[in-house]
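Subject: Structure for your review

Dear colleague,

Please find below the structure that I am handing over to you.

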Amino acid sequence: MSGLGKGLTVKRCLTFATGLVECLCFAGAVFGWASLVFVLKTEGYFSSLCVNTTGVNATQVLDCSGQDEQFSLVFTIASFMNNFLTLPNGFLFDRFGTTVARLLGTCLYTLGSLMLAFSTAAFSNLLFPAISLLAVGGILLLMTNMQVANLFGARRSTIITLYNGAFDSSAALFLLIKLLYEAGVSLLASFLFLCACSVLHLLRTFFLLPRKHIPYPLPDEYTYGITCGKSKTLSLEQTKDNGNAQKTREQMLKNTDDPVKQEKSFRECLMSRLFVLHLLWLSVMQLRHYLFIGTLNPMLQRLTEGEPSLVSRYINAFAITQLCGVLCAPWNGLIFDRHKGKPRAAGESEQEADLHASILSLFLTALQCVLFSVCAATPYLPLQYLTFILQVLNRSFLYGGNAAFLSVAFPSCHFGKLYGLVMALSAACSVLQYPLFALVNGPLGGDPLYVNVGLVLLSLLAFIHPLSVLLHCRSLASQRAISASS
């Protein structure tokens, strides 16, 4: 291997490793909301909404259901913004490239951290913009990092799912802030330190990522980031050579009897059955997860009968399990990539092989969600440990599988737009978490049984998607057989 080749390998590995750390430590912090809520309640945020009520035997009890609803609303808005704004962010990423998207994401993340640092119980409403900015900035960091998988073609899906798993695991950041708070470190100090870490995001943006995008398939000796003039010149010349070679290959294909398959337009992708059912698959499971995270604190309050030490123990257990997301997600990527390097069926394209490999992943994700929903619906406190494990496993499979499926089922030139669109449309479904929470606290008198049973039944709809992909693959195989026989 030449010196230039070794240097590129080291740089690519450094890009991958730092991207993993960035997703693991920062990007999905907002989903550790339950840990932060515990601290915010201690600090007295929204405490004015707690009222004294008469309980059993005419005793006075403090009813904080209004406070819980307000915290739930903060998370509902943040999770909606996290998903819905992925659409314009996806267009921004596709149109202006990595540097612009990451600068915007870093600014939003830093601003959200500053708002949290200077928020107080008297200014509790600062939580609404702060958590939303943290969520949107984090998803931009994840979106711009997923293209790093293009540097490692044979393990592309594995790396995409690994990054999404790291995104899930970063929910443990708020657990760390909770533990530091209990050790005497203020929220102000913790979030100011988080702001200072934005310098690291800027360094990665300029030195370890391209100004535009990382292409796929990857050209030979492809370089990126701030490099010396000689390397840039080589990269430009090699890009031209690769472009000429690609034109030559296209010309050779035109001279053969086989028709050249045109890439789908964005509109065709959008109107396809695969996209619509994938949207349904993501939406129903995402609603189950968002409602669980947003209502975990009041659920534990109910199951522990308000015992603070017990609630804290279970919240810590939940946050610790989130760290396992980065370990669970690669399993899904390996399922996607298990066929790589193996001979394909006669006439089968790489995309068809990728689609066929995705069926098992989609099915297992739906099955995990049903099991998770059943456990979450069971009002037995020790069972919640199993619920936490199933939740982190399913969430890792869900978001990693979402990105990996879009990358294999549709042209890479539309990935940013399709990823943004599917997240934005699924956000409309996730908004239902707040009215469902209000329904439980209001007409249902705090009993979530009917809502939980409904969510179990709703999660069964996720099985439609893997069945549809299976039928699609069989249809393509039939078409190949007909073409071969004619």
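**Cysteines and one serine**

A disulfide joins Cys-50 to Cys-64, with an S to S distance of 2.1 Å. Please bear in mind that this is a predicted model. A search of the whole structure finds one disulfide. The link of Cys-50 and Cys-64 is right-handed, with 120° about the S-S bond.

As to its place in the fold, Cys-50 sits in the loop between helix 2 (33-43) and strand 1 (51-54), while Cys-64 sits in the loop between strand 2 (60-63) and helix 3 (65-84), so the pair ties together parts that are 14 residues apart in sequence. Cys-50 counts as buried because its relative accessibility is 16%, and the cut-off for buried is under 20%.

Cys-197, by contrast, is in no disulfide. The nearest cysteine sulfur to that residue belongs to Cys-25 and is 8.5 Å away; a disulfide would require the two sulfur atoms to be within 2.5 Å. Cys-197 is buried, its relative accessible area being 10%. Cys-375 is likewise buried, with a relative accessible area of 10%.

I turn now to the serine. Ser-361 belongs to helix 16, which covers residues 350-377. With a relative accessibility of 1%, Ser-361 counts as buried. Leaving aside residues up to four places away in sequence, Ser-361 touches Asn-332, Ile-335 and Phe-336.

Yours sincerely

Notes. Residues numbered from 1 in each chain as written. Predicted model: local features only at pLDDT ≥ 70, side-chain atom pairs only at ≥ 80, totals over all residues. Heavy atoms only, no water. Helix = DSSP H or I, 4+ residues; strand = E, 2+ residues; numbered from the N terminus. Buried < 20%, exposed > 50% of the residue type's maximum accessible area, 1.4 Å probe, protein only. Contact = heavy atoms within 4.5 Å.
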